[in-house]
Amino acid sequence: DTAVGAAPSVAEIFAGIAQGGGAAVSVDSITVDGATAGDLVFTGLTSETAYAVYIVARDDAPSPGPNEQAAYERFEIETTDVTPPAFAGGTPTLAAVAGESITVDVELVEDG
């Protein structure tokens, strides 16, 4: 979920929906046993965007189970910049040539 807005309930997290029943930005689940680690992978995110990630666990205990966590774990992250730099404004252009140097004008479409 994006970092802005109210947190979903544990039940909404298990259902894979955002707070209030809307669509979650990305959902993943895994099955692990007590001796095995696993990775959750959230895809479809936007570069350079803040997100709040909510994680809950449940076991496979028989009835009256499964047992579920009563509270979630929350991580606030910001995705990295994946946009490569690009030249803008008709640059680069050769601005000047001297005996032992040249000057090239450059402008980028983003900081870089």
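1. Pro 66 is placed in the loop between E1 and E2 (strands, E, are DSSP runs of at least two residues, and helices, H or I, of at least four, numbered from the N terminus). The peptide bond that joins Gly 65 to Pro 66 is cis, with omega at about 5 degrees. A cis bond also joins Thr 91 and Pro 92, and omega there is about 5 degrees. Pro 92 sits in the loop between E2 and E3. For context, most peptide bonds are trans.

2. On the basis of the note: this is a predicted model, in which local features need pLDDT of at least 70, side-chain atom pairs count only at pLDDT 80 or more, and totals for chains, interfaces and linings use all residues. Residues are numbered from 1 along each chain as its sequence is written, and side-chain values use heavy atoms, with hydrogens and water left out.

3. The side chain of Thr 91 reaches the backbone oxygen of Ala 88 at 2.7 Å. A polar atom of the Thr 91 side chain also lies 2.9 Å from the backbone nitrogen of Glu 107.

4. Which strand pairs with E3, and in what sense? Strand E3 (residues 93–97) pairs with strand E4 (residues 102–105) in the antiparallel sense, over four bridges (pairing needs at least two DSSP bridges). Leu 94 has Val 104 of E4 as its bridge partner, and Ala 96 has Thr 103 of E4. The two strands form a hairpin, with four residues between E3 and E4.

5. One aromatic pair is present in the structure. The ring centres of Tyr 54 and Tyr 72 are 5.0 Å apart and the ring planes stand at 90 degrees, so the pair is edge-to-face (centres within 6.5 Å make a pair; planes over 60 degrees apart are edge-to-face). The pair links distant parts of the chain, since Tyr 54 is in strand E1 and Tyr 72 is in the loop between E1 and strand E2 (73–78), 18 residues apart. Tyr 54 is buried because its relative accessibility is 11%. Tyr 72 has a relative accessible area of 30% and is partly exposed.

6. The largest pocket has a volume of about 870 Å³. A pocket here is an open set of points on a 1 Å grid where a 1.4 Å probe fits, with protein on both sides within 12 Å along at least five of seven lines; lining residues have an atom within 4 Å of a point. The lining counts 33 residues, and Asp 28, Ser 29, Leu 40, Ile 55 and Val 56 lie nearest the centre. Helix H1 (10–15) and strand E1 (50–55) each supply at least two lining residues. E1 gives the most, with five residues. By class, the lining holds 21 nonpolar, six polar and six charged residues.

7. Several points concern the loop between H1 and E1. Ser 26 is in this loop and is buried, with a relative accessible area of 17%. The Ser 26 side chain reaches the backbone oxygen of Thr 43 at 2.9 Å. Val 32 is found in the loop too, and at 45% relative accessibility Val 32 counts as partly exposed. Val 32 and Ser 9 are 23 residues apart along the chain, and their C-alpha atoms are separated by 23 Å.

8. Most residues other than glycine have a negative phi. Glu 48 lies in the loop between H1 and E1 and, at 44% relative accessibility, is partly exposed.

How values were computed. Points joined across faces, edges and corners; volume = space filled by probe spheres on them. Nonpolar A, V, L, I, M, F, W, Y, C, P; charged D, E, K, R; others polar. Phe/Tyr/Trp six-rings, centres within 6.5 Å; stacked < 30°, edge-to-face > 60°. Buried < 20%, exposed > 50% of the residue type's maximum accessible area, 1.4 Å probe, protein only. Polar contact = N/O pair within 3.5 Å; in protein donor to acceptor, adjacent residues only side chain to side chain.
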